[in-house]
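Please look over the sequence and the model shown here before reading the report.

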Amino acid sequence: MSNTKDAGAKPPTSKIMQLTSDLLVGGTIGAISKTVMAPVERVKLLMQTQDSNPAVISGKEKRYTSIPDCFKRVHADQGMAAFWRGNLVNCLRYAPQQGSALAFNDFLNNLFPAYDHRTDFGKSFAVKLASGGLAGGLANTICYPFDFARTRLASDLGKGKGQFNGIMDCIVSTVKNQGITGLYTGWTVTVLGAFVYRAGQLGCFKQIQDLNPYAKDKGILGGVSSFLSVTIARTVVMPFNYPFDTVRRRMMLESEKSKADRVYKGSVDCFTKVLKNEGLKGMYKGMVPELFRGVGGSFVIVLYDRIKFIFNI
């Protein structure tokens, strides 16, 4: 085993201080990215969850027939501000979630033995995958109630005033009607999906960066090559992760119903029924806007990586 970590490359910092610094950098970049990409993400959520939305099932609201149709109708029925419905809670969720995922990834990666990717490629890659996956699971568990509230707010098809009066109303109403466990509806599939996604995204990104000859370039070439690295990593993992995301979003919409009225009995039942009733494409509804929205996530990782590298944080 060959240690590749250069202990003398940066000033000595306590692990807690380093973790706090990483949380701040990652969280700030994440919140800005989410606000910019909010309209695309709102449309993605509406397309992804409409076939499980009570208003659509009952015939009260028409289905969105396409992405342009969704953009057009949301703007016409709910106004421009509706594209940012749930964005505050999304930032409150995403900033700590993204920040903690990136910070925990670095923290856990430094706890594992360091292997040289040139001589121990398999072990080096396994450590990076494990660090990314565990970091994703931890981050999503911590921030799950905000993710739940954000999904409920963004999936609301109502014209004008939404079902809830904001973040706290959504959370308090859910706890009042279903208890604290109501906020964790779909948690299991979320953590599994987060492990797969972050393992692939962060783990593959770090491994590709080890092979990137321009990773240490502090100029445009280093930034562009890093963006290509994270884009490749994200593209590889997306087909495997997206079905988990579809199932968890639909499970969240079921939370306000009594158990007898729920369409899905659990995550496995949801997965099975979506495949049976909608086919494999049902698992990938909303994936096109997700591909565009994900560019923001890629920029977050690249900016985080570049800021830490250039400023030696």
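This is a predicted model: local features need pLDDT of at least 70, side-chain atom pairs count only at pLDDT 80 or more; totals for chains, interfaces and linings use all residues.

Residues are numbered from 1 along each chain as its sequence is written, and side-chain values use heavy atoms, with hydrogens and water left out.

## Helix packing

Two packed helices are described by the angle between their axes and the distance between the axes. Here the axes are lines fitted to C-alpha atoms, for helices over the stretch in contact, and the angles run from 0 to 180 degrees between N-to-C directions. Helices themselves are DSSP runs (H or I, at least four residues), numbered from the N terminus.

| Helix pair | Angle between axes | Distance between axes |
|---|---|---|
| H8 (residues 220-253) and H9 (residues 267-278) | about 105° | 10 Å |
| H1 (residues 15-49) and H4 (residues 87-111) | about 140° | 6 Å |
| H8 and H10 (residues 287-310) | roughly 135° | within 9 Å |

Helix H8 packs against H9 at an angle of about 105°, which makes H8 roughly perpendicular to H9. The terms used for such angles are roughly parallel (under 35 degrees), roughly antiparallel (over 145), roughly perpendicular (65 to 115) and oblique (the rest). On the H8 side, the contact (heavy atoms within 4.5 Å) is made by Pro-243, Val-247, Arg-250 and Met-251, and on the H9 side by Ser-267, Cys-270, Phe-271, Val-274 and Glu-278. These residues divide into 6 nonpolar, 1 polar and 2 charged, where Ala, Val, Leu, Ile, Met, Phe, Trp, Tyr, Cys and Pro count as nonpolar, Asp, Glu, Lys and Arg as charged, and the others, Gly among them, as polar.

The contact of H1 with H4 holds 13 nonpolar, 9 polar and 6 charged residues.

Helix H8 also meets H10, and their axes cross at roughly 135°, which makes H8 oblique to H10. This crossing of H8 and H10 is right-handed as well. Residues of H8 in the contact include Gly-222, Gly-223, Ser-226 and Phe-227, while those of H10 include Asp-305 and Arg-306. By class, the contact of H8 with H10 has 11 nonpolar, 6 polar and 5 charged residues.

## Buried residues in the helices

Arg-306, which lies in H10, counts as buried at 8% relative accessibility. Buried means under 20% relative accessible area, exposed over 50%, and partly exposed in between (1.4 Å probe, protein chains only). Leaving aside neighbours within four places in sequence, Arg-306 is in contact with residues including Gln-209, Ala-215, Asp-217 and Phe-311. A polar atom of the Arg-306 side chain lies 2.7 Å from the backbone oxygen of Ala-215.

Arg-249 is placed in H8 and is buried, at 2% relative accessibility. Beyond four places in sequence, Arg-249 is in contact with Lys-44, Leu-45, Gln-48, Thr-49, Asp-147, Arg-150 and Thr-151. With Asp-147, the side chain of Arg-249 makes a polar contact, side chain to side chain, at 3.2 Å. A polar contact is a pair of N or O atoms within 3.5 Å; within protein, one must be able to donate a hydrogen and the other to accept it, and residues adjacent in sequence count only if both atoms are side-chain atoms.

Two residues of H5 (residues 121-154) can be read together. Ser-124, in helix H5, is buried with a relative accessible area of 2%, and its side chain makes a polar contact with the side chain of Gln-207 (3.4 Å). Not counting residues up to four places away in sequence, Ser-124 touches Tyr-115, His-117, Gln-207 and Asp-210. Ala-139, also found in helix H5, is buried with a relative accessible area of 1%. Leaving aside neighbours within four places in sequence, Ala-139 is in contact with Gln-97, Ser-100, Ala-101 and Phe-104. Between Ala-139 and Gly-99, which are 40 residues apart in sequence, the C-alpha to C-alpha distance is 8.4 Å.

Conventions. A crossing is left-handed if the near helix is turned anticlockwise from the far one by less than a right angle, and right-handed if clockwise.
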